[in-house]
Amino acid sequence: MNDATILSVRDVEVAFPAGGLLSRQAILGVAGVSLGISRGETFALVGESGSGKTTLARAINGLQTISAGEITFEGQRIDTLGKSAMKPLRQRMSMMFQDPVGSLSPRMTVGDLVTEPFRIHGAQGRNLKAETKRLLSLVGLPPDFAGRFPHQLSGGQARRVGVARAIALEPALIIADEPTAGLDVSVQGEVLNLLNDLRERLGLAMLIITHNLHVVHHVADRVAVMYLGRFVETGTTEDVFDAPAHPYTAALLSANPEPDPDRAHDRIALPAEVPSLLRRPSGCEFHTRCPWVQDRCRTEAPAPADIGGRRVACHFPLAPGARPPAHRKEPA
Amino acid sequence: MGQVRRVLREPLGAFGLALVVLVVVMSIFAGLLTQYDPAGLSPRDRFLDPSTTHLLGTDQLGRDLFSRVLFGGRIALYVALVSTAISLAAGIVLGLIAGYGPRWLDNVMILLFDALKSFPTVMLALALVTLTGPSLTAVMVVVIIVNVPGYARIIRTQTIALKSSEFVMAAQSMGASTARILRVHILPNVIGPIVILASMDIPVVIAIEAGMSFLGLGVRPPTPSWGSILNDGFANIRETPWIAIAGGLPIIVTTLGFTFLGETLRDIFDPRLKGR
Amino acid sequence: MSVLAIETLNVTFSTEAGPLHALKDVSFTVPERRIVGIVGESGCGKSTLINAILGLLADNGRVTGGRILFEDGNDLVGLDPTAMRALRGLRISTVFQDPMGALNPVISVGRQMVNIQYRSGLSKSAKLARATEMLELVRIPDARAALRRYPHQFSGGMKQRIAIAMALMMEPALLIADEPTTALDATLEVATIELLKDLQRKIGCSVLFISHHLGVIAELCDEVVVMYAGEVVERGDVRQIFHQPKHPYTMRLLECDPARQTERTRNLPTIPGEIPDLRARPRGCVFAPRCTLAEAICAAPQVERDIGRGHRVRCVKAVSPAEAEA
């Protein structure tokens with residue numbers, strides 16, 4: 001860890017109670033992950049639904065208590081902080097939620113929404129009207145939008161309001177949960193460009209949570225791929241995209257339909273359904289769906305290892321351009 | 001103001017509003033509309049039929065029925081508005097606490113609401129009056145006890161639904177206090193339906209007050225109340241029907257007025273019709 | 001032969017702020033045994049179009065012109081509700097984004113699948129056998145046991161496959177699939193697309209596939225209809241649309257797909273501006289206000305032109321490959 005690190009997550013676990021009232025059984029939504037984000041860096045968490053990426057984001061933001069591990073933000077341990085002790089830190093870390101419109105209070109005007117952080121953290125000495133104007137212009141909305149209500153906004157406009165609110169207090173870190181979810185293709189780029197632009201101008205660090213790998217490619221410096229609450233591969237975006245080392249990463253990358261009818265779809269098909277968190281598979285938890293599975297994977301859990309500048313949890317990391325073995329019985 | 005225009009556009013709503021305005025105006029200006037003391041006895045003028053001097057005639061004690069109806073309206077509206085307002089406030093606060101608070105508190109409060117709700121109104125009224133004696137306060141307490149659980153449950157259900165919504169989570173992540181989340185982010189989104197429901201409950205409250213006064217559990221004589229006028233009319237129905245009519249008519253008019261108005265408001269604010 | 005032929009369809013909604021022209025002169029056909037994709041962004045009129053085909057327009061919406069010809073030239077516009085109900089589910093079936101719209105949570109999957117066969121004269125056991133067969137076809141493991149289970153006992157991907165099985169059970173002539181893979185994860189999405197393609201071939205029906213996901217459309221569809229602000233701006237063979245897009249909107253839309261950007265960039269292309277207010281449509285090209293290529297001529301009303309081999313474009317500036325040579 002160096003001075004530039006503003007967020008550090010170490011061996012964090014999030015447990016949810018499962019089963020009946022008297023059952024002590026718990027499922028691990030996040031099962032021991034570690035990451036660090038430096039000032040001005042964009043880190044992407046990628047995974048499919050149920051992989052624990054949103055839970056992890058909420059844990060970092062203190063909306064979800066963790067059952068093990070520690071989270072340090074700007075040199076201060078935050079997972080043990082109470083609500084009031086956490087409050088001043090919330091000015092330094094803001095979070096954007098998935099639904100562009102649904103994350104805005106429906107009875108509040110845009111002007112009230114973007115200045116809500118000032119009202120929560122003390123608006124003394126601030127001219128809220130001027131702040132509204134400044135924030136709206138930062139995200140490229142005309143000042144007369146201040147009087148509109150969320151339901152009068154398009155998805156892209158609502159997302160801009162969300163961004164304006166997130167940067168209001170000039171935080172050091174923005175956590176963005178699916179920032180392009182629910183947006184049209186022609187608007188997705190707008191939002192990503194805006195986030196990139198603000199990141200550069202304000203020196204923000206960002207944690208972006210997404211299932212869209214194409215998004216990651218263009219905005220993130222580093223990426224972590226999550227499966228069943230664990231990181232299976234972490235590395236720089238270039239490395240991971242150029243040559244995925246974990247079979248799951250490779251499958252995710254190949255699962256993105258590209259807008260070209262003639263492209264050969266040499267796709268890595270993932271058979272079977274995602275296992276339940278209640279009954280985690282033995283050994284490597286990806287073995288039930290892995291096209292390259294071998295006997296060792298079924299019994300022995302792979303320890304994350306550093307391979308060529310990235311961390312991979314796999315017994316048999318892929319060579320660049322590896323193709324799945326041709327013959328493979330489809331499991332029922 | 002737009003809402004008033006929308007109410008007026010509906011014939012039923014306009015009619016309801018007219019009735020309500022009529023009742024309210026007549027109650028407020030009761031002192032100007034009649035020169036008779038509603039409690040002033042005049043034994044010589046018993047059981048007079050309606051005439052230009054006594055618009056609705058007189059009762060068994062010679063009191064002017066028109067002025068008793070007007071002043072009775074004050075009592076009815078006072079009870080209805082004050083107890084509904086208190087029920088609303090209490091229902092909203094309790095509902096927000098139950099809905100946003102911890103699970104165990106919610107369970108305890110729901111148990112309490114259901115227990116209160118399961119008491120029959122008349123039994124409740126009798127029990128209370130046995131303890132405190134008949135009074136206007138007793139009537140209002142009964143109304144509040146009857147109304148609060150229902151209001152609180154509605155607020156609670158909506159609050160629970162909003163508690164996990166993204167905009168509430170966003171407020172939490174910004175560091176907003178619980179009080180601020182409830183006041184700024186949840187309350188404005190849950191208050192609409194309950195206000196409309198309360199406006200539709202006003203005729204019920206008026207009926208409860210009249211009913212309790214009719215049974216002698218409410219307003220004490222000689223204070224006029226529509227229920228006690230109706231009771232007088234019932235006791236003297238062999239002498240004249242006018243007393244019963246004078247007590248019953250305003251109850252019907254007011255009930256209809258508030259019901260029509262409430263129904264129209266509900267239709268206007270029905271979220272299913274929004275955005276059309 | 002086409003299963004569905006939409007001819008200059010116009011739909012108008014009456015709103016408080018005046019009439020809203022939601023669909024304007026929409027024409028396209030769904031040929032037999034073909035998959036036609038409709039692509040467009042929010043507000044392009046996709047849902048209005050589906051509702052118009054199914055006779056499910058909201059009370060304030062009305063078909064103000066055009067025809068929707070189904071199978072043997074039956075016009076679905078103005079068809080009486082009973083006849084429409086008889087077509088829905090039997091000859092035209094639907095799959096939506098949320099499979100729970102098609103599944104009743106309190107009835108077992110098997111009973112639901114038997115129930116929807118009420119119009120067939122088969123015996124109960126034959127209907128059950130058919131249901132098992134369909135579940136096997138959509139690759140639900142242990143189909144026989146699955147029939148006894150309830151919808152919530154299946155994962156999201158499986159629920160959508162069951163919904164597809166139910167939609168195709170009566171072997172409809174046309175399947176309307178409205179964003180059926182949007183709620184699914186990428187790995188499940190591609191699996192579902194492949195399944196759909198496979199089933200379409202086996203059953204021999206036509207599919208009208210609606211999606212905002214260009215990659216999915218490119219992979220699945222034979223023909224593509226591009227919609228913008230309630231108009232068809234371009235249509236043609238999937239290769240014509242994806243390899244030689246001629247309408248500026250299509251070109252820009254394809255550019256915007258981050259998947260097209262193979263080079264890593266921090267400056268992604270966008271289409272600035274908003275769709276016009278459909279209560280006050282521009283007289284000329286509906287895309288002109290956002291079009292970087294717009295000229296004076298674009299202010300005149302646009303007509304759809306065939307620029308060769310069925311590739312139709314609603315843009316005066318679009319030229320056929322032959323014209324471009326000259």
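Which side chains meet in a salt bridge at 2.7 Å, N to O? I began my notebook with that one, keeping in mind that this is a predicted model.

**Entry 1: the salt bridge.** I found that the partners are A:Glu116 and B:Arg180. I then looked for others, but the rule finds one salt bridge across the interface of chain B and chain A.

**Entry 2: the rest of the interface.** I looked up the contacts next: 17 residues of chain B touch 23 residues of chain A. The two chains bury about 1700 Å² between them, and carbon and sulfur atoms give 54% of that area. For polar contacts, I got nine residue pairs between the chains, both residues at pLDDT 80 or more.

**Entry 3: who provides chain B's side.** Helices H8 (166-174) and H9 of chain B each give two or more residues to the side that touches chain A. The largest share, eight residues, comes from H8(B). By class, I wrote down eight nonpolar, six polar and three charged residues for this side.

**Entry 4: H9 inside its own chain.** I followed H9(B) (residues 178-214) to helix H4(B) (residues 65-100): their axes come within 8 Å and cross at roughly 145°. The crossing is right-handed. Among the residues that meet, I marked B:Ile75, B:Leu88 and B:Tyr100 in H4(B), and B:Ile181, B:Ala198 and B:Glu209 in H9(B). This contact has 19 nonpolar, three polar and one charged residues.

How values were computed: Residues numbered from 1 in each chain as written. Chains lettered and ligands numbered in written order. Predicted model: local features only at pLDDT ≥ 70, side-chain atom pairs only at ≥ 80, totals over all residues. Heavy atoms only, no water. Axes fitted to C-alpha atoms, helices over the stretch in contact; angles between N-to-C directions. Helix = DSSP H or I, 4+ residues; strand = E, 2+ residues; numbered from the N terminus. Left-handed = near helix turned anticlockwise from the far one by under 90°. Contact = heavy atoms within 4.5 Å. Nonpolar A, V, L, I, M, F, W, Y, C, P; charged D, E, K, R; others polar. Buried area = accessible area lost by both parts, 1.4 Å probe. Salt bridge = Lys/Arg side-chain N within 4 Å of Asp/Glu carboxyl O. Polar contact = N/O pair within 3.5 Å; in protein donor to acceptor, adjacent residues only side chain to side chain.
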